[in-house]
Amino acid sequence: MRGGGAVVIGVVVVSHSRALAQAAVGLAAEMTQGAGPVVAVAAGLDETTFGTDATAVAAAIESADSPDGVLVLMDLGSAVLSAELATELLDGDIAGRVTLCSAPLVEGLVAAVVTAAAGAPMPEVVAEALRGLAGKQEHLGDAPALIAEPVPASLDVSRDVEVVNANGFHARPAARLVAKLSGFDAAVTITNLTREIGPVAADSVIMLISLGSRVGDQLRVSGNGPAAAQAVAAAVDFIATGLGD
């Protein structure tokens with residue numbers, strides 16, 4: 001459930017490889033069909049030379065600057081050091097709006113861009129980026145189980161629906177549902193009744209993927225808030241018609 005005016009944050013990708021950064025940005029843009037936040041890249045010393053440069057990072061932050069903040073994602077090693085130094089090169093007002101985030105570069109970027117595109121404020125975008133690996137870890141069983149999002153104490157509306165597309169909630173349809181639900185004044189959760197997973201927050205790409213949904217699974221869509229009925233109906237219709245696949 002989102003409230004208040006539109007929130008628009010900027011995102012900066014800092015990587016040793018320009019090709020890697022550009023590919024990650026392209027993947028994230030696919031999830032929002034180009035409607036996401038401004039994403040600036042500071043990567044490589046040139047098109048083919050690996051490395052990072054604090055001056056370039058500072059320039060990228062300035063180009064992505066927004067009153068709602070700039071999220072900086074980094075790959076490893078000197079990318080982190082360059083990002084830290086870049087904040088020292090910036091005007092104090094801009095530096096105060098910068099958040100450096102330890103999320104995984106690719107998964108975190110996709111999660112952050114989708115969440116920011118839905119109008120989420122910086123703390124929510126950071127939290128979603130930091131969950132970037134959670135769905136994959138849960139699926140492969142090499143990390144502790146996901147901590148589910150808090151579920152509202154009362155749910156005004158609940159409807160069950162069957163998954164009809166082969167792969168259920170993979171990244172692209174999950175991003176589409178997050179975008180679709182962002183327009184409703186409602187908190188929506190989804191439970192995979194077949195696999196006994198959830199409920200999870202339907203405004204999180206990572207949590208939707210963690211449902212492990214496949215064709216034939218029964219999902220329960222629940223919601224509360226002023227527009228709960230409309231939001232649940234929109235989600236059920238989206239799932240029942242194949243999640244856009």
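## Helices 5 and 6

In this predicted model, helix 5 (residues 105-117) and helix 6 (residues 122-130) have axes that come within 7 Å and cross at roughly 150 degrees. Since angles over 145 degrees count as roughly antiparallel, that makes helix 5 roughly antiparallel to helix 6. The crossing of helix 5 past helix 6 is right-handed.

Who's doing the touching? On the helix 5 side, it's Gly108, Ala111, Ala112, Thr115 and Ala116, and they meet Glu124, Val125, Glu128 and Ala129 of helix 6. Sorted by class, this contact has five nonpolar, two polar and two charged residues.

## The nonpolar cores

Now for the packing. The largest nonpolar core has 55 residues, and the members touching the most others are Leu71, Leu109, Phe169, Ile190, Leu208, Val221 and Ile239. Take Leu109: leaving aside residues up to four places away in sequence, Leu109 touches Val11, Val13, Ala24, Val25, Ala28, Leu73 and Pro104.

There's another core lying apart from that one, with 18 residues, including Val72, Ala83, Ala86 and Val98. As background, nonpolar side chains in soluble globular proteins tend to be buried together.

## Leucine 76

Is leucine 76 buried or exposed? With a relative accessibility of 52%, leucine 76 counts as exposed, because the cut-off for exposed is over 50%.

As for where to look, leucine 76 is in the loop between strand 3 (70-74) and helix 3 (78-89). Leucine 76 and valine 14 are 62 residues apart along the chain, and 9.0 Å separates their C-alpha atoms.

Methods
Residues numbered from 1 in each chain as written. Predicted model: local features only at pLDDT ≥ 70, side-chain atom pairs only at ≥ 80, totals over all residues. Heavy atoms only, no water. Axes fitted to C-alpha atoms, helices over the stretch in contact; angles between N-to-C directions. Helix = DSSP H or I, 4+ residues; strand = E, 2+ residues; numbered from the N terminus. Parallel < 35°, antiparallel > 145°, perpendicular 65-115°, else oblique. Left-handed = near helix turned anticlockwise from the far one by under 90°. Contact = heavy atoms within 4.5 Å. Nonpolar A, V, L, I, M, F, W, Y, C, P; charged D, E, K, R; others polar. Core = buried A, V, L, I, M, F, W, Y, C linked by side-chain atoms within 4.5 Å. Buried < 20%, exposed > 50% of the residue type's maximum accessible area, 1.4 Å probe, protein only.
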